[in-house]
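Here's a short tour of one protein model, written for someone just starting out. Have a look at the sequence and the 3D view before reading on.

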Amino acid sequence: MTILRYDSGALAKDAARGLIGLAVTAGPALGVENILLPVEIVCWALAALFAVFLLRTALRHKTEIQLSEDAIAVQSPLRRRQLKWSDITVVKLSYFASAKARRGSGVLTLTLRGGGTKIIVESSLKEFDRLAESVAELCARQGIDVDPTTMHNFDAMGSPIRR
C-alpha cells in the first residue's frame with residue numbers, strides 16, 4: 001500500500017494566508033470602536049470564511065490518501081472513504097486558475113465517483129502527477145468516458161488517456 005499526503009509547504013502557505021485573512025477581517029471588528037454595523041457584519045462574515053479555510057487546511061494536513069492494488073481510500077480525522085478501482089464510473093480533472101495563472105500556477109482537482117462514493121484529491125498532494133497518470137491509464141483500461149475538459153487537462157499534464 002502506498003500512502004500519499006498533502007505537501008506541508010503548500011499547507012503552510014495556505015495556513016499563513018488564512019491567518020492573515022482572519023487577522024485583517026476579525027481585527028477591525030474586534031478593535032475598532034464605533035464601527036458601523038454593516039461593516040462589522042461584513043468583517044465577521046469574511047472572518048468566518050477564513051476560519052473555515054483554516055479548518056480545511058488543518059484537516060488536509062491530517063489527511064492521507066491510501067493507494068492499494070484494488071482501491072483508493074481517503075483517511076481524514078472526520079471520516080474514511082474507500083473506492084474500489086473497478087467501481088469507478090466517473091472521472092473528472094478540473095483546473096482552477098489562480099491570480100498567478102500566467103506563471104502556470106493554479107489548482108487541479110481530481111474527482112473519482114462510483115458505488116455511491118466520491119473522492120476528491122487536490123494537486124497539492126505529493127505525487128499528484130503519478131496518481132493522475134494511474135487514473136488516466138484506468139480510464140483507458142476500463143473504458144471510462146470523460147468530458148472534453150477532463151481529456152484536455154489530462155493531456156496538458158502529460159498523461160493523455162489512450163484508448
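A patch is made of residues with over 30% relative accessible area and no salt bridge, and nonpolar side chains are joined into one when they lie within 5 Å. Keep in mind that this is a predicted model.

With that in hand, which residues make the nonpolar surface patch of about 280 Å²? They're Val42, Leu46 and Leu49. Let's pick out Leu46, which sits in helix 2, residues 37-61. Its relative accessibility is 38%, so Leu46 counts as partly exposed.

Now for helix 2 as a whole. It has 25 residues and spans 36 Å from its first C-alpha to its last, close to the 36 Å expected at 1.5 Å a residue. Some of its residues are hidden away: Cys43, Ala47, Leu54, Thr57 and Arg60 are buried. What covers these buried residues? The cover includes helix 1 (8-31) and strand 7 (117-122).

With a relative accessible area of 33%, Gly27 is partly exposed. Leaving aside residues up to four places away in sequence, Gly27 touches Leu22 and Val32. Then there's Trp44: Gly27 and Trp44 are 17 residues apart in sequence, and their C-alpha atoms are 9.5 Å apart in space.

| Residue | Helix | Relative accessibility |
|---|---|---|
| Leu46 | helix 2 | 38% |

Conventions:
Residues numbered from 1 in each chain as written. Predicted model: local features only at pLDDT ≥ 70, side-chain atom pairs only at ≥ 80, totals over all residues. Heavy atoms only, no water. Patch = residues over 30% accessible without salt bridge, like charges linked within 9 Å, V, L, I, M, F, W, Y side chains within 5 Å. Areas by Shrake-Rupley, 256 points an atom, 1.4 Å probe, with all protein chains shown as cover. Salt bridge = Lys/Arg side-chain N within 4 Å of Asp/Glu carboxyl O. Helix = DSSP H or I, 4+ residues; strand = E, 2+ residues; numbered from the N terminus. Buried < 20%, exposed > 50% of the residue type's maximum accessible area, 1.4 Å probe, protein only. Expected span 1.5 Å × (residues − 1). Contact = heavy atoms within 4.5 Å.
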